[in-house]
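Work through the following exercises with the sequence and the structure side by side, and try each task before reading its solution.

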Amino acid sequence: MSKLSLLGGEKTVTAAHPHYKWPPDADMLELEDLVAQRNTDISTAGRTGPIRDFEEAFLEFMEGRVKYAVTFNSGTSALLAAYFALGVRDGDEVIGPALTFHAALSPALILGASVRLVDIDKNTRCIDPEKVKEAITEKTKVLTVVHQWGHPCDMDRLVDIVRRHNLFLLEDCSHAHGSQYKGQLVGTFGDVAVFSLQANKGVFAGEGGILVTNDSNMHDRATLLGHYRDRSRDEVVSKDLRKYWVTGFGQKLRMSPFNAIVALHSLRAFPERKQRRHKALAYFTERLQEVDYIEPPYVATNVDMGAWYGYKPLYIKERLSNVPRPLLVRALRAEGVKVSIPSAPPVGTLPLYAENLHPLFPGKGWYRNDVESHPVARQIASMALSLPPFWRWPEDREIIDQYISAFLKMQSNVHDLLSLV
Ligand SMILES: Cc1ncc(COP(=O)(O)O)c(C=O)c1O
């Protein structure tokens, strides 16, 4: 039995770093497009050039099931535009998941709304439909779902709930480009959907986001929020709204053409990268069955994981003599494993959500979220490990094999590990 690296033994993982590199480097074609853009147009005001090309390519990527696609300078900006497009305002409530990245929900706050966080499902890690039902009040206007880590939410039940209660449905697909629920692409179930295109995402611009909808009025409102002048003049069709084209509604949230070029190339490369990631992660999951104390991510039989943005198995402490998670992570890292504790805590623990006075509009009461009512979110946050969502298949097979050896080494050296507690 070899000694733990933390105690001076040999490292188990000998594969050269980095074990995971994302975003991938640009190829020559992408670099040439970026160079050519420099002397063509470095500020695209309308729906032209690479902005138009990317939006059109994205509509195709969505299999023609959405009519409009509007780019923004971030996913957060696109979410602000989505909430604005849905008419969210002072006094409204938005329901959203208790464990996700805050920006899925925070933009609603600046419009004066409250956010009611709802617990998640242990398997899919998406919002729990039963808990959604309990959270609906007469103030609820929008249900925001996040297809967390690429796993689609339970859309049959969630769509049924929004129909019965006459709510709007916003899909945050930032982790789930190309994910499918029962053969239908995420982003095509709701009134409006948003995809972040930030550098870590499956389809990436560097910084950027895209909003899609089938609703002409929502398209007009979202456009006016973030794209005043040329784009609003040319694209907004509602007469009542078009008159605002010079000023829009005060924001300038458009994407740079350089980011659109990066996004277009990453979209073209996505299907092949996705296939490779799926193969690598299926192999990782298969091999993790050998490790008693790790529960690999759940994947329902009726979904496609699409971009599969994160690989976050659960650490079952009781099956490793209760070795604390931070110590396990330290020991694995000493072996050369790229592992960490996921950085996003339950949303309700963040000061912006844990107070009962609206910090943006002093004096205004709002919904105070209580993390005690999100036991599953807290449980997952306390058990998850963050591992690389490998994608260089078959090259990554060797690294995965070495990671498994490192995990197994923890099992056979558990007494030494316990001596470090
Ligand atoms: C679920 C989710 N929504 C929204 C965002 C915000 O996107 P951006 O960073 O592009 O503003 C992120 C970013 O990580 C996210 O994970």
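Two strands count as paired if DSSP finds at least two bridges between them. The model used here is a predicted one.

**Exercise 1.** Find the bridge partner of serine 196 in β9, and describe how strands β8 and β9 are joined.

*Solution.* Begin with the two strands, β8 covering residues 192-196 and β9 covering residues 209-213, which run antiparallel and are joined by five bridges. Then look for serine 196, whose bridge partner in β9 is glycine 209.

**Exercise 2.** Determine the strand order of the open sheet of seven strands, and state which strands are its edges.

*Solution.* The edge strands are β1 (68-72) and β3 (114-118), since each of them pairs on one side only. On average, and with direction ignored, neighbouring strands of this sheet are turned by 20° against each other. Helix α2 (residues 49-61) packs on the sheet, where it touches β1 and β9, and its direction makes about 135° with that of β1. Helix α6 (residues 216-226), in turn, lies across β1, β8 and β9 and runs at about 15° to β1.

**Exercise 3.** Decide how helices α9 and α13 are oriented, and name the residues that form their contact.

*Solution.* The axes of α9 (residues 257-288) and α13 (residues 397-412) come within 10 Å and cross at roughly 20°. Because angles under 35 degrees count as roughly parallel, α9 is roughly parallel to α13. Tyr283, Phe284 and Arg287 of α9 meet Arg397, Ile400 and Ile404 of α13, and by class this contact has four nonpolar, no polar and two charged residues.

How values were computed. Residues are numbered from 1 along each chain as its sequence is written. This is a predicted model: local features need pLDDT of at least 70, side-chain atom pairs count only at pLDDT 80 or more; totals for chains, interfaces and linings use all residues. Helices (H or I, at least four residues) and strands (E, at least two) are DSSP runs, numbered from the N terminus. Axes are lines fitted to C-alpha atoms, for helices over the stretch in contact, and angles run from 0 to 180 degrees between N-to-C directions. Two residues are in contact if their C-beta atoms, placed from the backbone, lie within 7 Å. Angles under 35 degrees count as roughly parallel, over 145 as roughly antiparallel, 65 to 115 as roughly perpendicular and the rest as oblique. Ala, Val, Leu, Ile, Met, Phe, Trp, Tyr, Cys and Pro count as nonpolar, Asp, Glu, Lys and Arg as charged, and the others, Gly among them, as polar.
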